[in-house]
Amino acid sequence: ATGASFADGLAAAPAAAQVDAPLLLTDHGALPASVRAEIVRLQPSVIVVLGGESAVSRRVATELATLAPTVRRDSGADRYDTARQIALNNFPAGATTTAYLANGGNFPDAL
């Protein structure tokens, strides 16, 4: 997820926790060397890019594709739709009986 904005990373935290995966932050247009090194160390089979190309560029996604066999982008028309896509892709219908809602315009409640 982008490290420049809170929404996509916060929306994905429960999904990452569910599969015991780290949530790593990147710059919009370039993958930081420290994040690249961590991905190489982890050797993931799947990398999920969070948010559209305005959050994480195509260039970063292309670089990630050299580090894992599968790269998927969970994104929507805006931060709310991206949160919905993350939920749809990571929590199948019936997987949970409780949903939490927070204000998407600021981060404290979501934390």
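This dialogue covers the salt bridges and nonpolar cores of a predicted model.

Trainee: What should I know before reading the model?

Mentor: The model is predicted, so local features need pLDDT of at least 70 and side-chain atom pairs count only at pLDDT 80 or more, while totals for chains, interfaces and linings use all residues. Residues are numbered from 1 along each chain as its sequence is written, and side-chain values use heavy atoms, with hydrogens and water left out.

Trainee: How many salt bridges does the structure hold?

Mentor: A salt bridge is a side-chain nitrogen of Lys or Arg within 4 Å of a carboxyl oxygen of Asp or Glu. The structure holds five. One of them joins R36 and E63, with 2.9 Å between the closest N and O atoms. This pair links distant parts of the chain, 27 residues apart: R36 belongs to helix α2 (residues 33-42) and E63 to helix α3 (residues 58-64). Helices (H or I, at least four residues) and strands (E, at least two) are DSSP runs numbered from the N terminus.

Trainee: Are the residues of that pair buried or exposed?

Mentor: Buried means under 20% relative accessible area, exposed over 50%, and partly exposed in between (1.4 Å probe, protein chains only). R36 is partly exposed because its relative accessibility is 31%. E63 is partly exposed too, at 24%.

Trainee: Which residue does R58 meet in a salt bridge?

Mentor: R58 meets E53, at 3.1 Å from N to O. R58 has a relative accessible area of 55%, so it is exposed; E53, at 39%, counts as partly exposed.

Trainee: And what of R72 and D74?

Mentor: Their side chains form a salt bridge with an N to O distance of 2.8 Å. R72 is partly exposed at 30%, whereas D74 is buried at 1%.

Trainee: How do I read a nonpolar core?

Mentor: In soluble globular proteins, nonpolar side chains tend to be buried together. A nonpolar core is a set of buried Ala, Val, Leu, Ile, Met, Phe, Trp, Tyr and Cys residues joined through side-chain atoms within 4.5 Å. Here the largest core has 12 residues, including L31, V35, I39, I47, V49 and A55. The elements giving two or more residues to this core are α2, β1 (46-50) and α3. The most come from α3, which gives three residues. Apart from this core lies another of five residues, among them A1, A12, A15 and I86.

Trainee: What is A55 in contact with, leaving aside neighbours within four places in sequence?

Mentor: Contact means heavy atoms within 4.5 Å. With those neighbours left aside, A55 is in contact with T2, D8, H28 and L50.
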